[in-house]
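Hello,

Here is the structure for your files. My notes on it follow below.

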Amino acid sequence: MKVAFIGTHGVGKTTLAFGLASHLKQLGANVGFLEEVARRCPFPINEDTSLEAQTWIQVETIRREIELTKVYPEIVCDRSVLDNYCYMELRFGRQEAILGLVRHWSSTYDLLVKVPINEEYLQADGMRSTDRVFQRAIDELLDSLLEETRIPYRPFTTLEDTVEQARLISGRLPIA
């Protein structure tokens with residue numbers, strides 16, 4: 001089972017992903033956790049990103065997901081290739097080859113959970129942009145791509161609902 005929280009930056013995906021991973025571990029799951037790889041990107045990100053940076057992020061995300069699936073039966077991801085792709089498309093326009101890979105790779109997620117913008121949540125963390133216009137542009141592009149590609153996802157409601165969805169998908173986790 002592979003679950004990813006998707007959405008623009010600064011909406012609480014990391015907090016939710018950690019919460020889900022922790023809860024699943026409490027249920028007895030052997031869970032791997034994939035942190036947002038953009039934080040380790042050796043190139044500029046956000047509004048000043050490069051095509052090289054965004055390609056590195058996509059490839060590194062896929063590489064780490066493959067690596068984790070060889071060790072853990074359940075994986076929680078803080079982002080997916082789809083929402084990472086939005087930063088590339090917003091800056092450089094449609095990249096058909098990469099989008100094809102993103103469409104294909106998105107089928108490997110058992111559950112994508114879209115986290116909406118919380119106007120009070122965006123905080124300076126020294127890494128991600130605090131520009132609300134940029135944040136909204138990424139969110140709108142993600143919504144558009146979700147509609148266009150018809151990649152299945154669930155809107156985030158509560159962490160408990162996400163735990164229940166993960167439990168149902170896995171079929172191995174006991175009821176909390």
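How many cavities of 30 Å³ or more does a search of the whole structure find? The search finds 2. A cavity is a set of points on a 1 Å grid over the protein atoms alone, where a 1.4 Å probe fits but cannot get out. Grid points are joined across faces, edges and corners, and a volume is the space filled by probe spheres set on the points. Lining residues have an atom within 4 Å of a point.

Ground rules first. This is a predicted model: local features need pLDDT of at least 70, side-chain atom pairs count only at pLDDT 80 or more, and totals for chains, interfaces and linings use all residues. Residues are numbered from 1 along each chain as its sequence is written, and side-chain values use heavy atoms, with hydrogens and water left out.

Cavities

The largest cavity has a volume of about 50 Å³. Its lining includes Leu 34, Glu 35, Glu 36, Val 37 and Ala 38. Thr 61, Cys 77, Asp 78, Arg 79 and Asn 84 also line the largest cavity. By class, that lining has 4 nonpolar, 2 polar and 4 charged residues. For the classes, Ala, Val, Leu, Ile, Met, Phe, Trp, Tyr, Cys and Pro count as nonpolar, Asp, Glu, Lys and Arg as charged, and the others, Gly among them, as polar.

The second largest cavity holds about 30 Å³ of space. Among its lining residues are Leu 111, Val 113, Arg 154, Pro 155 and Phe 156. Elements giving two or more residues to this lining are β4 (111-114), β5 (154-155) and α6 (159-170). Helices (H or I, at least four residues) and strands (E, at least two) are DSSP runs, numbered from the N terminus. The largest share, 3 residues, comes from α6. The lining of the second largest cavity has 4 nonpolar, 3 polar and 2 charged residues.

Pocket

A pocket is an open set of points with protein on both sides within 12 Å along at least five of seven lines. The largest pocket contains about 260 Å³ of space. It is lined by 17 residues, and Gly 10, Thr 14, Arg 39, Tyr 121 and Asp 125 are the closest to its centre. Helix α1 (residues 13-26) gives the most to the lining of the largest pocket, with 3 residues. By class, the pocket lining has 4 nonpolar, 6 polar and 7 charged residues.

Helix packing

Axes are lines fitted to C-alpha atoms, for helices over the stretch in contact, and angles run from 0 to 180 degrees between N-to-C directions. Angles under 35 degrees count as roughly parallel, over 145 as roughly antiparallel, 65 to 115 as roughly perpendicular and the rest as oblique. Contact means heavy atoms within 4.5 Å.

Helix α2 (residues 51-69) packs on helix α3 (residues 81-92) at about 170°, with the axes 10 Å apart. The two are therefore roughly antiparallel. Their contact has 8 nonpolar, 5 polar and no charged residues.

The axes of α3 and helix α4 (residues 96-106) come within 9 Å and cross at roughly 165°. α3 and α4 are therefore roughly antiparallel too. The crossing is left-handed, meaning that the near helix is turned anticlockwise from the far one by less than a right angle; right-handed is clockwise. Val 81, Leu 82, Tyr 85 and Met 88 in α3 meet Ile 98, Leu 99, Val 102, Trp 105 and Ser 106 in α4. That contact divides into 8 nonpolar, 1 polar and no charged residues.

α1 and α6 pack at about 55°, with their axes 10 Å apart. They are therefore oblique to each other. α1 passes α6 in a right-handed crossing. Leu 16, Gly 19, Leu 20, His 23 and Leu 24 in α1 meet Leu 159, Thr 162, Val 163 and Ala 166 in α6.

Best wishes
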